[in-house]
Amino acid sequence: MLQTIPERASAVIIGGGVIGSSVAYHLAKLGWTDVVMLERNQFSCGTTWHAAGLVGTMRANESHARLCEYSMAVLADLEAETGQSTGFKQVGSLTIAHSEARFEELKRVAAMNNAFGVTRVDMITAEEAKSIYPYLETGDLLGASWVEQDGTASPVDVTQAFVKGARGRGALCLEGVRVTAINQINGRVTGVITDQGEIKADYVVNCGGLWGREIGRMAGVNVPLHACEHYYAHTEKIDGLPSDLPVMRDHDNCAYYREDAGSLLIGAFEPNAIPWGQNGVPLDFAFEELEGHLDDQFMPVLEQAMYRVPMLQECGWRSFFCGPESFTPDDQFHMGEAPELKNFYVACGLNSVGIQTSGGLGRALADWMHNGYAPMDLWGNDIRRMFPFQSTQKYIEHRVSETLGLLYDNHYPYKQMETARNLRHSPLHERLAEGNACFGEAAGWERPNWFAPAGVETKYEYSFGKQNWFEHSAAEHKAAREKVVLFDQSSFSKYLVQGRDAVNLLQRVSSANIDVEPGRMVYTHWLNERGGIEADLTVTRIAEDEFWVISGAAQTIKDLHWMKSHIDDDEFCCVSDITNAWAMLGVMGPDSRALIGEVVDHDFSTENFPFGDFHAIEFGMSRGYAGRVSYVGELGWEFYLPVDQARHAFDYLWEKGQSHGLKLAGMHALNSCRMEKKFVHYGHDVADHDTPLQCGMGFVLNFDKEIPFIGRDAMLQQKESRGFMNKRLVQFLLQDPEAILYHHEPILRDGVIVGHLTSGDYGHTLGGAVGLGYIEVDEEITRQYIEAGKFEIDVAGVRVPATASLTAMYDPKAERMRA
């Protein structure tokens with residue numbers, strides 16, 4: 001039926017599922033009165049209508065926990081505001097463990113969520129689990145976690161409540177209107193074309209669910225997601241089944257259970273999922289079911305379910321369902337402004353957490369659009385984390401066959417993806433493989449994480465303790481501290497910034513002064529207007545109008561977008577990604593100067609080559625650059641060689657290095673070394689809601705340079721008011737050498753939780769596990785505060801005594817790397 005569509009809107013939302021309707025509601029709630037939501041068929045069609053409706057708050061990081069906390073709270077508000085029931089029942093959720101690894105994971109997740117302060121997670125015995133869920137077989141259970149406030153809701157009713165609430169606040173929500181094109185001018189979205197006419201708009205939001213990738217392509221925007229088959233079954237009605245029966249999850253058997261209108265619903269997130277829609281999702285697909293592969297994919301889960309809940313052996317089965325759910329390459333949903341197109345936002349690829357995340361995600365995206373920045377640390381979901389290759393059909397189809405099952409798989413530390421591998425190779429890849437490298441993946445790169453001795457298989461054996469590579473990486477760490485090692489850092493992002501106004505751009509976005517002499521490297525942060533850290537990197541001046549920027553492997557798209565977004569219209573400046581043009585070899589350790597002095601005919605003395613210098617050099621028959629800098633805290637140099645000559649340089653260096661005991665070292669050793677030095681990692685220890693003052697890096701702030709940096713006013717105010725003193729990054733060393741840290745473990749001072757870790761590893765030189773984490777309290781965090789308190793870290797429910805320090809425990813004056 002033809003409908004009257006408006007000529008223009010402040011925002012057009014494409015997709016009328018639970019996410020699109022939540023975004024519409026929250027934009028309207030912020031006062032956006034001319035929001036338009038377009039659904040090509042009917043509200044809730046596609047994926048929302050067949051969601052299981054689980055509403056939980058126990059999540060893997062604090063931001064997600066807070067999104068889910070709000071998602072639950074807004075359901076009651078919606079019902080009160082609109083009179084539309086959401087079907088929400090607060091029945092609690094039980095997660096059981098019948099393997100040691102799962103029990104360890106549950107204890108760690110419970111501890112971290114209790115530190116977030118969002119929900120209360122209790123670890124309970126098998127007997128207590130039986131009392132909560134009387135149908136449960138508990139003979140082999142080790143225990144369980146219990147969240148009393150969790151529940152279930154009706155996905156269709158939740159969507160209708162958001163729609164009704166959005167309409168009540170002035171939004172126009174239409175069914176039966178299909179978007180056929182996205183309009184844009186000069187890199188900014190200007191509206192959409194539909195099958196019923198054009199709508200001009202200042203903002204467009206892709207909430208297209210299963211069609212999110214195709215909608216992105218209309219706009220020239222990269223949105224990697226793909227549908228997979230998802231299964232659940234309903235029993236016949238069960239006499240006496242309580243309507244308030246808790247949700248139960250059995251991750252070890254890939255299953256979840258919930259009461260649904262007097263019957264039991266059993267769903268699965270099985271390994272080796274089957275992708276669907278490889279040729280595109282049909283435009284008329286709405287409420288259809290898929291034929292699926294029931295016998296191969298779902299029946300093994302149901303067989304285990306009949307053991308776990310024995311009464312299922314006697315039940316009749318009302319229906320078996322297969323429907324599509326969209327998944328992403330890293331199991332994290334997409335949101336934020338697309339780097340390719342200004343004011344085009346994305347909120348899709350929910351990986352089966354759409355209902356429990358819908359309210360929080362909708363509000364967060366609305367706030368992001370309204371204020372121009374994310375309301376919390378959402379880098380793990382920022383669409384700018386994705387690379388173009390990740391939306392190719394072959395890549396995404398293979399990857400999602402794995403990511404569906406990862407929802408319920410053991411979330412071991414250092415766990416590597418197994419699908420869609422061997423895409424991006426360093427020019428040294430074969431040499432490293434010959435050296436017995438065990439490769440991991442980051443941003444599509446195959447990177448050596450550790451090297452196995454002769455006769456040892458290069459394969460991970462996962463656990464929450466010291467994994468099979470622990471001693472091998474410890475040897476690499478020891479060699480970096482005592483002798484000399486070689487890191488392949490070719491995956492690090494590298495950008496060329498050149499032109500008449502390059503220095504003006506970089507002075508504006510960099511907190512440090514980068515208007516230095518050519519041949520100098522400057523460590524700096526890029527800040528937002530609030531002083532939050534958008535990037536942590538180095539800038540090197542090559543010439544008056546030419547700079548190199550070196551950053552982390554995963555930050556490429558974000559960094560490029562940040563720079564290009566801050567080039568003024570009248571400035572002449574060009575930014576290029578040169579990552580794939582240059583290999584990067586890190587030669588680190590106290591013997592590095594002696595080794596490279598034999599390899600390169602150059603004076604590497606401190607007098608001629610001080611810390612932070614960057615020189616052109618000849619490396620064997622190759623020409624390249626050497627920069628004196630270190631991420632491991634030892635004397636060392638990074639060498640930049642053209643990719644086509646890198647293998648020659650490696651061979652030449654390796655040959656010369658044998659007499660010096662040169663050892664190959666991987667990313668795990670790099671990380672353990674940086675942890676001992678309290679060097680931060682972007683995305684873990686610092687992000688856009690942390691400031692340089694809070695993380696103890698005020699030295700990167702140059703308040704006096706001629707061109708003020710973005711965020712200067714916020715940093716001056718925070719410095720003058722001492723506003724940073726109640727949130728500070730602290731280093732911790734566990735006193736028990738057997739305990740292991742990873743991230744998000746609670747920090748306790750005098751028995752009270754005062755924060756949680758942002759990263760953790762083992763400090764092989766310090767002799768125990770090392771963690772970095774923010775303490776955030778109402779009083780100033782001074783040296784006296786640290787020394788006066790008794791600190792512990794909660795490791796899977798066990799409080800382990802820890803030493804705390806505001807400065808690096810290893811070489812606090814940084815004398816070794818400046819030797």
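**Note on helix packing, a buried helix and selected residues**

1. Helix α2 (residues 62-82) packs against helix α5 (residues 155-168) at an angle of about 55°, and their axes lie 10 Å apart. The two helices are therefore oblique to one another, and their crossing is left-handed. On the α2 side the contact is formed by Val-74, Leu-75, Leu-78, Glu-81 and Thr-82, and on the α5 side by Val-158, Ala-161, Phe-162, Lys-164 and Gly-165. Sorted by class, this contact of α2 with α5 holds six nonpolar, two polar and two charged residues. The model under discussion is a predicted one.

2. The crossing of α15 and α16 is right-handed. From α15, Leu-595, Glu-598 and Val-599 meet Tyr-652, Leu-653, Lys-656 and Gly-657 of α16. By class, the residues in the contact of α15 with α16 are four nonpolar, one polar and two charged.

3. Helix α12 covers residues 470-482, which is 13 residues. From its first C-alpha to its last, α12 reaches 18 Å, close to the 18 Å expected at 1.5 Å a residue. Which residues of α12 are buried? They are Phe-470, His-472, Ser-473, Ala-474, Glu-476, His-477, Ala-479, Ala-480 and Arg-481. The elements that cover these buried residues include the strands β22 (445-451), β23 (485-488), β29 (582-588), β33 (663-664) and β36 (752-763), together with helix α17 (667-676).

4. Cys-228 is placed in strand β12 (residues 226-235). Its relative accessible area is 0%, and Cys-228 is therefore buried. How far apart are the C-alpha atoms of Cys-228 and Glu-325? They are separated by 5.5 Å, although the two residues stand 97 residues apart along the chain. When residues up to four places away in sequence are not counted, Cys-228 touches Ala-273, Ile-274, Pro-275, Trp-276, Gly-323, Pro-324, Glu-325, Phe-327, Val-400, Ser-401 and Leu-404.

5. Backbone angles deserve a separate point. Most residues other than glycine have a negative phi. Ala-261, which is not a glycine, has a positive phi of about 55°. The residue lies in the loop between β14 (255-260) and β15 (263-268). Is Ala-261 buried or exposed? Its relative accessibility is 52%, so Ala-261 counts as exposed, the cut-off for that class being over 50%.

6. Asn-436 also has a positive phi, near 70°, and is a residue other than glycine. Asn-436 is found in the loop between α11 (429-434) and β21 (437-442). Because its relative accessibility is 22%, Asn-436 counts as partly exposed.

7. Thr-782 belongs to the loop between β37 (768-776) and α19 (783-788). Which residues are in contact with Thr-782, leaving aside its neighbours within four places in sequence? They are Met-725, Arg-728 and Leu-806. Of these, Arg-728 is 54 residues from Thr-782 in sequence, and the two are 9.1 Å apart in space, C-alpha to C-alpha.

Conventions. Residues numbered from 1 in each chain as written. Predicted model: local features only at pLDDT ≥ 70, side-chain atom pairs only at ≥ 80, totals over all residues. Heavy atoms only, no water. Helix = DSSP H or I, 4+ residues; strand = E, 2+ residues; numbered from the N terminus. Expected span 1.5 Å × (residues − 1). Buried < 20%, exposed > 50% of the residue type's maximum accessible area, 1.4 Å probe, protein only. Contact = heavy atoms within 4.5 Å. Axes fitted to C-alpha atoms, helices over the stretch in contact; angles between N-to-C directions. Parallel < 35°, antiparallel > 145°, perpendicular 65-115°, else oblique. Left-handed = near helix turned anticlockwise from the far one by under 90°. Nonpolar A, V, L, I, M, F, W, Y, C, P; charged D, E, K, R; others polar.
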